[in-house]
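Here is a short briefing on one chain. Look over the sequence and the model before reading on.

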Amino acid sequence: MSNPTPPRKSSLSPLSSFIFASRWLQLPLYLGLIAAQAVYVFHFWVELVHLLEAAFGNQDALQALITSIGYKADAPITSLNETVIMLVVLALIDVVMISNLLIMVIVGGYETFVSRLNLEGHPDQPEWLDHVNASVLKVKLGTAIIGISSIHLLKTFINAANYDEKVLMWQTIIHMAFLLSAIAIAYADRLMSHHHQDH
């Protein structure tokens, strides 16, 4: 009994090979996002150092924090208060969530649209990368954007006295639009998954 011959890979035409190789043009984009990630890490540590210095009474660090979060009070602020700490911590969480979003775009996008990372068996392989595709990536990005928008909205509400009512209203409306968009994307993805399973 002869062994079945393995299927022969179809050779691509020169034009097809050229078009398929064009996916590597996205590589500089992902490298640029990695550079943006490094900027976020630097910004995070600058804000964290200012927070720690302000906690020990450094007035220059305190004023730098107040300026960065856009906080204004009727009386001069000479020491950290609960509102300032909360706004700074939310800003740090915001940086972390945006950094997580960047990781999802860099790793998931490269794996989906450029080339395999061959992480099978790696102890640090992200769980979501096992079944990543364009639809899953869209849902995860939508969820991450909602989280980031929620943090921004919470920061605005805590510091509401320094914002116009129109700004508060439009930020709420935009957040609801993000939420509805993510629900619509997740629902469409679920419908497509059921459709593929039926077939």
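Helix H2's buried residues pack against two partners, helix H3 (59-69) and helix H4 (82-113). The model is predicted.

**Helix H2**
- Buried residues in H2 are Tyr 30, Gln 37, Phe 44, Glu 47, Leu 51 and Ala 54.
- An α-helix has 3.6 residues a turn, so residues three or four places apart point the same way.
- H2 runs over residues 27-55, which makes 29 residues.
- At 1.5 Å a residue, H2 should span 42 Å, and its end C-alpha atoms are 42 Å apart, so the two values agree.

**Overall fold**
- The chain has six helices and zero strands.
- Its pattern along the sequence is α-α-α-α-α-α.
- Of its 199 residues, 27% count as buried.
- Among contacts with a separation of 6 or more, 61% join residues 24 or more positions apart.
- The accessible surface is about 13900 Å². Carbon and sulfur atoms account for 66% of that surface.

**Nonpolar surface patch**
- Ile 145, Met 169, Trp 170, Ile 173, Ile 174 and Phe 178 make up a nonpolar patch on the surface.
- Together they have about 560 Å² of accessible area.
- Helix H6 (residues 165-198) supplies the largest share, five residues.
- Trp 170 lies in H6. Its relative accessibility is 49%, so Trp 170 counts as partly exposed; the exposed class starts over 50%.

How values were computed:
Residues numbered from 1 in each chain as written. Predicted model: local features only at pLDDT ≥ 70, side-chain atom pairs only at ≥ 80, totals over all residues. Heavy atoms only, no water. Patch = residues over 30% accessible without salt bridge, like charges linked within 9 Å, V, L, I, M, F, W, Y side chains within 5 Å. Areas by Shrake-Rupley, 256 points an atom, 1.4 Å probe, with all protein chains shown as cover. Salt bridge = Lys/Arg side-chain N within 4 Å of Asp/Glu carboxyl O. Helix = DSSP H or I, 4+ residues; strand = E, 2+ residues; numbered from the N terminus. Buried < 20%, exposed > 50% of the residue type's maximum accessible area, 1.4 Å probe, protein only. Contact = heavy atoms within 4.5 Å. Expected span 1.5 Å × (residues − 1).
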